[in-house]
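Work through the exercises below with the structure in view. Each task is followed by a worked solution.

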Amino acid sequence: MAAGRFAALLAGGLMAAGSLCSAYAQGGAATAPANPLEVELNALTPSQKGCMMTFVALNKLAAPVNKISFELAFFNDKNTVDKITVLDFRDLPQGKKRVRQFDMPNLKCEAVTRILINDTPVCDGPAAGECMKGLVTRSQISVPFEG
């Protein structure tokens, strides 16, 4: 009888531990960085040169960013990369929002189906790798923006 109770307790404990591990793993995968570098694609507007891109950035990293640039890849309706370029976002003070606009020549806004931040070639201020590691992206428009 004692052996049966022990087996039931053991099985119940293993199930509870498995549930706890599963919940921890799911929670860990869905959580954003504690101190993110938020970059939002706010608008794509046709311009005389091509496409005016508007971004809103908020630095919640542990340090101010003295200078940062992002390497962006632009995808078309065939899911192939049309263009890769580096945009200089200049400085991003800690805890302050900044709007940055870039007029992209020879790029048609309506042809852009997705934008990917491929890298941060320049990230002066935070510890090495923190800009990309803390990156959180979102889009206010129908074009997906990924980091």
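**Exercise 1.** In this predicted model, find which residues Phe-70 touches, not counting those up to four places away in sequence.

Solution. Start from Phe-70 and leave out residues up to four places away in sequence; the contacts are then Leu-37, Val-39, Thr-85, Val-86, Leu-87, Phe-89, Ile-117, Asp-119, Thr-120, Pro-121 and Leu-135.

**Exercise 2.** Decide whether Phe-70 is buried or exposed.

Solution. The cut-off for buried is under 20% relative accessible area. Phe-70 has a relative accessibility of 0%, so Phe-70 counts as buried. For the protein as a whole, 33% of the 147 residues count as buried.

**Exercise 3.** State how many helices and strands the protein has, and their order.

Solution. Counting gives two helices and eight strands. Read from the N terminus, the order is α-β-β-β-β-β-β-α-β-β.

**Exercise 4.** Describe the largest cavity and the residues that line it.

Solution. A search of the whole structure for cavities of 30 Å³ or more finds one. The largest cavity holds about 30 Å³ of space. Its lining consists of Glu-38, Glu-40, Val-56, Ala-57, Leu-58, Lys-97 and Arg-138. Two or more lining residues come from each of β1 (37–46) and β2 (50–59), and β2 gives the most, with three. Sorted by type, the lining has three nonpolar residues, no polar ones and four charged ones.

Note on methods: Residues numbered from 1 in each chain as written. Predicted model: local features only at pLDDT ≥ 70, side-chain atom pairs only at ≥ 80, totals over all residues. Heavy atoms only, no water. Buried < 20%, exposed > 50% of the residue type's maximum accessible area, 1.4 Å probe, protein only. Contact = heavy atoms within 4.5 Å. Helix = DSSP H or I, 4+ residues; strand = E, 2+ residues; numbered from the N terminus. 1 Å grid on protein atoms, 1.4 Å probe; cavity = no way out; pocket = protein on both sides within 12 Å on 5 of 7 lines; lining within 4 Å. Points joined across faces, edges and corners; volume = space filled by probe spheres on them. Nonpolar A, V, L, I, M, F, W, Y, C, P; charged D, E, K, R; others polar.
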